[in-house]
Amino acid sequence: MAMFESLSEKLTNAFARLRGKGKLTESDVSDAMREIRMALLEADVNFKVVKEFVAKVKERAIGQEVMETLNPGQMVVKIVYEELTALMGGENAKLEIAERPPTIIMLCGLQGAGKTTHAAKLALKLKKEGKKPLMVAADIYRPAAIKQLEVMGQKVDVPVFSMGDKVSPVEIVRGGFTYAAENHRDVILVDTAGRLHIDEELMGELQQIKSVLNPHEILLVVDAMTGQDAVTVAEHFNEKLGITGVILTKLDGDTRGGAALSVRQVTGQPIKFVGVGEKVEALEPFHPDRMAQRILNMGDVLTLIEKAQEQIDQKQAEEMARKMMKAEFDFEDFLEQMRAMKRMGPLQDLLKMIPGLGAQMKDINIDEKEMAHIEAMILSMTPKERRHPDIINVRRRERIAKGAGRPIAEVHRLMKQFEQSKKMIKQLGVMDKMMKKKGKGKGFPKLPGLGGGFPGPFGKR
Amino acid sequence: MGFFDRLKEGLAKTKAALVDKVTSIMTVFRKIDEELFEELEEALIQGDVGVETSMKLVESLRKEVRARGLKNGEELLPVMKELVADMLGSEVEPLMMAPSGPTVILVVGVNGVGKTTTIGKLAHHLKEDRGLSVMLAAADTFRAAAIDQLMVWGERAGVPVVAQGEGADPAAVAFDGVKAAREQGYDVLLIDTAGRLHNKVNLMEELRKIKRVIQKEVPEAPHETLLVLDATTGQNAVQQTKLFKEVAGVTAIALTKLDGTAKGGVVVAVCDQESVPVKYIGVGERIDDLQPFDPTAFVDALFATGKV
């Protein structure tokens, strides 16, 4: 697994010998299709979905003009990326809210997909939007499932309706409906028990609940780590219930999440939300483009850019980029960048979003404490030292170490890492220029001044 | 019903997906050619065995075919079975037991794979089938109502549960459990831990701490660290195993949810790439729906021909 190259790299290699060609022929494209197929399968996209998809991409790729400046591999990646994004549904889909309340939302799925947790996350989100949700505990089978929902209800401060585990789920949802009406709750979230899609009896129960409630949304909760079986599960639930959308959970793991594509493909229904953590706030809208990049191991560039834009203003970023290219990068910039990144959230999450780093990042551990130490060391430098790191000799290092309260070895290491970053940045600068030449149309967005400026504060575990 | 039948029953749906596919390729009377190998590889991939391992298996199959001079398509199946069984480790491995004092089994895994349920079933199995005295420790102090869930399983299996409140230090609960099991002379202690994604460094460090702390009470504990894998999981299971192995020293795998349509083929890749043996499989929600994993029977059932 650790040897995942990004698809982009693979394709670039596959096409290396095609340079200078006019048009792509069928046999030129076949090698590339093989790589795409492998990449998608490794990402757990369903086999049949992959087959159809590859055929489509192949059709589009054959006969494409190979532009002088554009590398054919990159062009195929672009096609794949666009097709994937389109397949997963263009713009992100919103929750259906009834014109006349209550809006009824039913959650269903296999055991352990995360239904109860996501009922609570969704309730919190709706509450924040000014709704008055009610959660209904209709999982009478799993031990302590009702208690779990009640505890989650307290956490998000949303009432939970339950009738214990001796009453049928159909009775419970009826009761919940009445309770909501009497207590003016305008959204009803029904947490159902996890069940196997082939369990006729329990699937029948869901159909009954559906016919009693007539829900506006029937959301299938799917674990992002699901393999080839995702298709079968989604097919069955959709066939029996007619789902209206999907919540993809546990996306904070390191899975490539090919299940997203499979589920979308077989149900035709959009993925509406993704679960990205154990905290009740960790629910985000689904972005097909970002998911496409993740499946292709291209990193979540867009999310990163958005986050970066919140923290770094454009001018600052441009200035940084300029400095980088000229390799004028000094400790002041280092500090500034480090602080900006810190504001953006845990480094680990951020680095994962950088294309190509995703797979490698699994083994890398970032010590946030070490970042604080680095900051202390930089702050123990004089302004002159920060701007001209070259003047930092051994005696100055000793003083810095004392000032920061860190051993001298760490100062040595920081200096060394800084030199390395500078070198890396210089290289990035060269690449950046190249990218600019190539980057026509909707290519691959660049990172504003962020491109891996931090080889420092993390190490291999 | 004999063991083999129960396994077959439990795996019926698994088989239906993976095996029917494989056998349907095999049963066609044809020569061994490139197309056949390719179809076979596809079938393995569809069973979640993964691209890398599937390619490897097919490569070995080619070699065997050459070495044995096979010509007939139908001859491929027994060879394929052998190869998969080899990868899974062809012997049944029992749980490691402490020579004296309690055997401590730490149960770990990502969220929602069925750790607590597996512990309930495992407690029942060890108590009823092997006559051991079992105690549980509720060290999942994070997830809402996880302790209550374990309590219910403790009641069902008729074994005591050591617990503190929600939010308590999991290492402290584990320590209490080991201490109680030792002092009260229990044979086996099963420690339930919170589900955690393997890429969350802090949570994984917590596992390390649990291990350290229980070793203060029983130095050679845990005797087994059981990783619970969900059969529905795709290739990520390999990564899960890798990281849990690194941090918690996983020694065995329990594969759950094999009663669905999921093929569970990823354990083949797991065994191949991470060399951790599968010791148990979960085939349902009842307390007796946990079975010791038997690689030979598993492969037999997996590739069995005909309707089950």
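**Reading the labels**

Analyst: The buried residues of α8(A) pack against β1 (103-109), α7, β4 (187-192) and α9 (230-241) of chain A. Contact means heavy atoms within 4.5 Å. Helices (H or I, at least four residues) and strands (E, at least two) are DSSP runs, numbered from the N terminus. This is a predicted model, where local features need pLDDT of at least 70, side-chain atom pairs count only at pLDDT 80 or more, and totals for chains, interfaces and linings use all residues. Residues are numbered from 1 along each chain as its sequence is written, chains are lettered from A and ligands numbered from 1 in the order in which they are written, and side-chain values use heavy atoms, with hydrogens and water left out.

User: Which residues of α8(A) are buried?

Analyst: Leu202(A), Met203(A), Glu205(A), Leu206(A), Ile209(A) and Leu213(A). Buried means under 20% relative accessible area, exposed over 50%, partly exposed in between (1.4 Å probe, protein chains only).

User: What puts them on the same side of α8(A)?

Analyst: They cover an arc of only 150° around the axis, so they share one side of α8(A). The arc is that of the directions from the helix axis to the C-beta atoms. Glu200(A), Glu201(A) and Ser211(A), on the other side of α8(A), are exposed.

User: Why is the Phe161(A) and Tyr179(A) pair called tilted?

Analyst: Rings of Phe, Tyr and Trp (its six-membered ring) pair if their centres lie within 6.5 Å; planes under 30 degrees apart count as stacked, over 60 as edge-to-face and the rest as tilted. By this rule there are 2 aromatic pairs over all chains. For Phe161(A) and Tyr179(A), the centres are 5.4 Å apart and the planes at 45°, so the pair is tilted.

User: Is Phe161(A) buried or exposed?

Analyst: Phe161(A) has 12% relative accessibility, so it counts as buried. Tyr179(A), at 29%, counts as partly exposed.

User: What makes the Phe331(A) and Phe418(A) pair stacked?

Analyst: The angle between the planes is 20°, with 4.1 Å centre to centre. That angle falls under the 30 degrees for stacked. Phe331(A) has a relative accessible area of 0%, so it is buried. Phe418(A) is also at 0%, hence buried.

User: How do you know that the charged end of Arg62(B) sits over the ring of Phe37(B)?

Analyst: The test needs NZ of Lys or CZ of Arg within 6 Å of the ring centre and within 35 degrees of the ring normal. The charged end of Arg62(B) is 4.6 Å from the centre of the Phe37(B) ring and sits over it.
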